[in-house]
Amino acid sequence: MMTEENYYVLKEKAVPEVLLRVEKAKRLLESGKCLSASDAAEKAGISRSSFYKYKDEIFKYSKRRRGRRLTVIIRTLDEPGILSRILAIIADLGANILTIHQAVPVNGVAAITLSIDIPMKMDISVITERIEKTAGVSYAKILAEEPAQD
């Protein structure tokens with residue numbers, strides 16, 4: 001039987017220094033500034049054993065709310081470059097692709113399902129309108145919308 005884990009949100013001044021340094025070492029590794037855990041731990045001023053002991057236990061909280069998540073279905077002609085143009089539109093709108101599923105084209109028509117993280121204030125109709133104006137796109141419909149889970 002699994003026990004439920006408890007989580008706490010603390011102000012930085014309440015977090016023990018060793019944990020802040022572990023989080024710093026993780027960022028050094030993720031950014032590529034350090035290539036090994038030993039190097040990252042040393043640069044963060046902690047022991048390698050402290051890094052390994054706490055690395056999976058500390059995560060920096062981000063106040064930035066991701067937005068909303070949409071699932072969009074798009075029907076296109078089976079032509080090179082259409083998916084690329086659709087993805088460029090989504091990027092231009094400041095949205096983020098979470099998943100892409102493109103079905104095998106049948107009779108020259110392809111179905112694409114996208115999961116997209118969009119800014120909170122974005123009007124979702126803008127996405128489908130812009131996609132539908134793309135050459136080779138038959139339609140774009142929103143299948144689902146949900147708030148992002150942080």
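Visitor: Which residue follows helix 4, with a positive phi?
Guide: Helices (H or I, at least four residues) and strands (E, at least two) are DSSP runs, numbered from the N terminus. Phi is positive, near 85 degrees, in the residue that follows helix 4. That residue is Gly94.

This is a predicted model, where local features need pLDDT of at least 70, side-chain atom pairs count only at pLDDT 80 or more, and totals for chains, interfaces and linings use all residues. Residues are numbered from 1 along each chain as its sequence is written, and side-chain values use heavy atoms, leaving out hydrogens and water.

Visitor: Which residues are buried in helix 4?
Guide: Buried means under 20% relative accessible area, exposed over 50%, partly exposed in between (1.4 Å probe, protein chains only). Helix 4 spans residues 82-92. Its buried residues are Ile82, Ile86, Ile89 and Ile90.

Visitor: How wide an arc do they cover around the axis?
Guide: The arc is that of the directions from the helix axis to the C-beta atoms. The four are on the same side of helix 4, because they cover an arc of only 95 degrees.

Visitor: Is Thr134 buried or exposed?
Guide: Thr134 lies in the loop between helix 5 (124-132) and strand 4 (137-147). Contact means heavy atoms within 4.5 Å. Leaving aside neighbours within four places in sequence, Thr134 is in contact with Arg85 and Ile89. Its relative accessibility is 10%, so Thr134 counts as buried.

Visitor: What separates the C-alpha atoms of Ile142 and Thr71?
Guide: Ile142 is found in strand 4. Ile142 and Thr71 are 71 residues apart along the chain. Their C-alpha separation is 5.9 Å.
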